[in-house]
Amino acid sequence: MELRQARYFLALAQECHFGRAAARLHIAQPALSQQIKQLESELGIALFHRSTRRVELTEAGRHLAGYARALVAEEERARAHMTELATGRAGRVSLGFIGTATYDVLPRVARTVRTELPHITLDLRGELLTPHLADGLQAGTYDLAVLRPGSDQPSLNLTPLRSERLVAVVPSHHPLARNEQIPLSALAGEPFVIHPAQPRSAMYDRVLAACARAGFQPRSLVEVGETATLVVLVAAGHGVALVPESVQSLRLDGATYLPLRETEAVELVLGRRAQGNTPAMEQVASVIVECVRG
């Protein structure tokens, strides 16, 4: 049974009249009659009782109606799904986030996509370093990534998302924790908890450069890969840290965030490959930009 025959059969089954069914299908009545006869011949059974006054389904016709409805519905679902794929409203997109974007950007993007693009499946990874994400974009491991810009990303398209001021994190029992704001130089002589040098985190160089501009070098460094672990170690008294202001959404007992008098800032961008982006990827990219900038 062809899809066209299924549509013709269902129209006649619903109208129980060749003339009305043919008009509904926008075909001539003899053509409809011929198609129904051909279908009955192919199946080897009568589907309709015909008389001069009425047309009605046989028992076999009633059974076939269920199959025909399922066939037509499946075709309509397939057509709708293809339309969604073509317009970017369906598909699968893999996203990676640096640690600081894991806490505020990732949840908002996931909620928005689930609400506005329910037929797009997201593969989400958080707490990653910028070098890992840049390599993953180029290798195709990630379709999109929220990361820090760097000089080692020439083959990526980068869309600016926001500029984030750096804030200090100190143990809550530290004497500086009582201040509303501090100069960065107040942290001179303190051990620093910092993102790693190898593989080189984008924050590693930015933090050391900010300290150098304030006139000092941290006396010792404790390197950790995850931002949450970094704040935990500060809360445990292992040192102080500089983090983007968005990390303040990560509230931990024992850690106090302090604004800096300096306007030290880091940039956050959306990265994607220059070519090979699907409509679904572009839709999700638009959601990310709106979630961050909005």
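Colleague: How many bridges join strand β6 to β10?
Modeller: Five bridges join β6, residues 156–171, to β10, and the two strands run antiparallel. Keep in mind that this is a predicted model.

Colleague: Which residue stands opposite L258 in β10?
Modeller: That is A168.

Colleague: And is β10 mostly covered or uncovered?
Modeller: Mostly covered. Strand β10 spans residues 255–259, and four of its five residues are buried.

Colleague: Switching to the helices. At what angle do the axes of α2 and α3 cross?
Modeller: Roughly 100°. The axes of α2 (residues 18–25) and α3 (residues 29–43) come within 9 Å.

Colleague: New topic, L129. Where is it found?
Modeller: L129 is in the loop between β4 (119–128) and α7 (130–139).

Colleague: Buried or exposed?
Modeller: L129 is buried, because its relative accessible area is 15% and the cut-off for buried is under 20%.

Colleague: What does L129 touch?
Modeller: Leaving aside residues up to four places away in sequence, L129 touches I98, H195, P196, P199, S201 and G225.

Colleague: And how are L129 and L161 separated?
Modeller: Their C-alpha atoms are separated by 17 Å. Along the chain, L129 and L161 are 32 residues apart.

Notes. Residues are numbered from 1 along each chain as its sequence is written. This is a predicted model: local features need pLDDT of at least 70, side-chain atom pairs count only at pLDDT 80 or more; totals for chains, interfaces and linings use all residues. Side-chain values use heavy atoms; hydrogens and water are left out. Axes are lines fitted to C-alpha atoms, for helices over the stretch in contact, and angles run from 0 to 180 degrees between N-to-C directions. Buried means under 20% relative accessible area, exposed over 50%, partly exposed in between (1.4 Å probe, protein chains only). Two strands pair if DSSP finds at least two bridges between them. Contact means heavy atoms within 4.5 Å.
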